[in-house]
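Q: Please go through the assignments in this model and set each value against its cut-off.

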Amino acid sequence: MDWEKISESEDFRNLITAKGKFLIPVIIFSFLYYFALPLSVGYLPGIMNKKVFGSINLAYLFALSQFFVAWIIAGVYSKVANSRFDTVAEKIRNQHKGGLGL
């Protein structure tokens, strides 16, 4: 495949732009959500030590929520990639077939 020709194509540039518009806000959100826990524990210990269920406090629930948020983000990305990004990538691949047979 002629990678230089592919990288200069309109479809490829649109794909990269679309991925950036999706991924950059998701990455920023993930980064902020991840660091919200240690910052909250450090600067808001009274709130984070508040008991919610028995000996489980808000900090533990927030830490547990990070797993679920990561899974949700992965699921959303998978759906978006399958419905938008992969179809465009396949179109680009088909337009530039040859060489390596990718």
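A: Buried means under 20% relative accessible area, exposed over 50%, and partly exposed in between, with a 1.4 Å probe and protein chains only. The model is predicted, so local features need pLDDT of at least 70 and side-chain atom pairs 80 or more, while totals for chains, interfaces and linings use all residues. Residues are numbered from 1 along each chain as its sequence is written, and side-chain values use heavy atoms, leaving out hydrogens and water.

Q: What makes Arg13 and Glu10 a salt bridge?
A: A salt bridge is a side-chain nitrogen of Lys or Arg within 4 Å of a carboxyl oxygen of Asp or Glu. The N to O distance for Arg13 and Glu10 is 3.6 Å, so the pair meets the rule. Both residues lie in helix α2, three residues apart, about one turn of the helix. Helices here are DSSP runs of H or I with at least four residues, and strands are runs of E with at least two, numbered from the N terminus.

Q: How many salt bridges does this rule give?
A: The count comes to three. Another one of them joins Lys91 and Asp11, with the closest N and O atoms 3.6 Å apart. Lys91 lies in helix α4 and Asp11 in helix α2, so this pair ties together parts that are 80 residues apart in sequence. Lys91 has a relative accessible area of 43% and is therefore partly exposed.

Q: What makes Glu90 and Arg93 a salt bridge?
A: Their closest N and O atoms are 2.8 Å apart, so the distance falls within the cut-off. Glu90 and Arg93 are three residues apart in helix α4, which means a separation of about one helical turn. Glu90 is partly exposed at 35%, and Arg93 is partly exposed at 32%.

Q: How do you know what span to expect for helix α2?
A: The expected span is 1.5 Å times one less than the number of residues. Helix α2 (residues 10-43) has 34 residues, and 50 Å is expected. From first C-alpha to last it reaches 48 Å, close to that value.

Q: Where does α2 bend?
A: The bend is about 35° at Ala36, and a proline, Pro38, follows within four residues. The angle is taken between axes fitted to the seven residues ending at a residue and the seven starting there.

Q: Which residues of α2 are buried?
A: They are Asp11, Leu15, Phe22, Leu37 and Ser40. These residues pack against α3 (45-48) and α4 (58-95), where contact means heavy atoms within 4.5 Å.

Q: How many aromatic pairs does the structure hold?
A: It holds nine. Phe22 and Phe85 form one that is edge-to-face, with 6.2 Å centre to centre and 70° between the planes. Rings of Phe, Tyr and Trp (its six-membered ring) pair if their centres lie within 6.5 Å; planes under 30 degrees apart count as stacked, over 60 as edge-to-face and the rest as tilted. The pair links Phe22 in helix α2 with Phe85 in helix α4, 63 residues apart. Both Phe22 and Phe85 are buried.

Q: Why is the pair of Phe67 and Trp71 called tilted?
A: The centres are 6.4 Å apart, so the rings pair, and the planes stand at 45°, which is neither stacked nor edge-to-face. Phe67 and Trp71 are both exposed.
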